[in-house]
Amino acid sequence: SRHALAAGRRALGWWLLGTGHAMLALARRHAVERIQFGRPLASFQAVRHRLAETLVALEGAQAALHTAEGELGALLGKAAAGQAALTAARHCQQVLGGIGFTAEHDLHRHVRRTLVLDGLLGSTRELTRAAGAHIRVAGSAPRLAQL
């Protein structure tokens, strides 16, 4: 049923959001503890920008999931969460560098989880296209949140 599909997408969205936050926590801890060129890695602007961009993506996805009502809302919430988790995977891998590729570090588990969860019940790319098609057919975009 359509209600079950929407509920499943919302649930997957929350799971994606959780794994994104876990990746951010791993990268943040590494950036604070790792010393590079005599300074903490977190003191470098490029590292701080990657972590900040990740946090903004995750917070935006959380807002989308909080307001995810109905089929379109659930679709957009999961798409936002998938995009945020993919952003987290990309940026956190960069911050962690070589250690993030090793089996000893936990990041690889979260990256794999992100890739699997994003593909279930529609990937970020598929859901974004579906939302665009819905808006084209309807001729307008519905108000999803009262600001």
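In which kind of crossing, left-handed or right-handed, does helix 1 pass helix 4? In this predicted model, helix 1 passes helix 4 in a left-handed crossing.

The chain contains 5 helices and 2 strands. Followed along the sequence, these elements come in the order α-β-β-α-α-α-α. The C-alpha trace spans about 55 × 30 × 20 Å along its principal axes. Of the 147 residues in the chain, 37% are buried.

Two packed helices are described by the angle between their axes and the distance between the axes. Helix 1 covers residues 2-33 and helix 4 covers residues 107-119, and the two pack at an angle of about 155° with their axes 10 Å apart. An angle over 145 degrees counts as roughly antiparallel, and helix 1 and helix 4 are therefore roughly antiparallel to each other. On the side of helix 1, the meeting residues are Leu 12, Trp 15, Leu 16, Thr 19, Ala 22, Met 23 and Leu 26. Facing them from helix 4 are Leu 107, His 110, Val 111, Arg 113, Thr 114, Leu 117 and Asp 118. By residue type, this contact of helix 1 with helix 4 is made up of 9 nonpolar, 3 polar and 2 charged residues.

Helix 4 also packs against helix 3. The axes of helix 3 and helix 4 are 10 Å apart, at an angle of about 155°. With that angle, helix 3 is roughly antiparallel to helix 4. The crossing of helix 3 and helix 4 is left-handed. Helix 3 contributes Lys 78, Gly 82, Ala 85, Leu 86, Ala 89, Cys 92, Gln 93 and Leu 96 to the contact, while helix 4 contributes Leu 107, Val 111, Thr 114, Leu 115, Leu 117 and Asp 118. The residues of the contact of helix 3 with helix 4 comprise 9 nonpolar, 3 polar and 2 charged.

Ala 61 belongs to helix 2, which spans residues 45-66. Is Ala 61 buried or exposed? Its relative accessible area is 1%, so Ala 61 is buried. Apart from residues up to four places away in sequence, Ala 61 touches Leu 17, Ala 80, Ala 81 and Ala 84. Arg 50 lies 11 residues from Ala 61 along the chain, and the C-alpha atoms of the two are separated by 17 Å.

Gly 70 lies in helix 3, which runs over residues 70-96. With a relative accessible area of 42%, Gly 70 is partly exposed. Once neighbours within four places in sequence are set aside, Gly 70 is in contact with Ala 6 and Arg 10. From Gly 70 to Ser 123 the distance is 18 Å, C-alpha to C-alpha, for 53 residues in sequence.

Most residues other than glycine have a negative phi, and most peptide bonds are trans. Phe 37, which is not a glycine, has a positive phi near 55°. Phe 37 sits in the loop between strand 1 (35-36) and strand 2 (39-40). At a relative accessible area of 74%, Phe 37 is exposed. Leu 121 likewise has a positive phi, of about 55°, although it is not a glycine. Leu 121 is placed in the loop between helix 4 and helix 5 (124-138), and its relative accessible area of 39% makes Leu 121 partly exposed.

Phe 37 also takes part in an aromatic pair. How many aromatic pairs does a search of the whole structure find? The search finds 1 aromatic pair. The ring centres of Phe 37 and Phe 44 are 6.4 Å apart and the ring planes stand at 80°, so the pair is edge-to-face. Phe 44 counts as partly exposed, at 23% relative accessibility, whereas Phe 37 is exposed.

Notes
Residues are numbered from 1 along each chain as its sequence is written. This is a predicted model: local features need pLDDT of at least 70, side-chain atom pairs count only at pLDDT 80 or more; totals for chains, interfaces and linings use all residues. Side-chain values use heavy atoms; hydrogens and water are left out. Axes are lines fitted to C-alpha atoms, for helices over the stretch in contact, and angles run from 0 to 180 degrees between N-to-C directions. Helices (H or I, at least four residues) and strands (E, at least two) are DSSP runs, numbered from the N terminus. Angles under 35 degrees count as roughly parallel, over 145 as roughly antiparallel, 65 to 115 as roughly perpendicular and the rest as oblique. A crossing is left-handed if the near helix is turned anticlockwise from the far one by less than a right angle, and right-handed if clockwise. Contact means heavy atoms within 4.5 Å. Ala, Val, Leu, Ile, Met, Phe, Trp, Tyr, Cys and Pro count as nonpolar, Asp, Glu, Lys and Arg as charged, and the others, Gly among them, as polar. Rings of Phe, Tyr and Trp (its six-membered ring) pair if their centres lie within 6.5 Å; planes under 30 degrees apart count as stacked, over 60 as edge-to-face and the rest as tilted. Buried means under 20% relative accessible area, exposed over 50%, partly exposed in between (1.4 Å probe, protein chains only).
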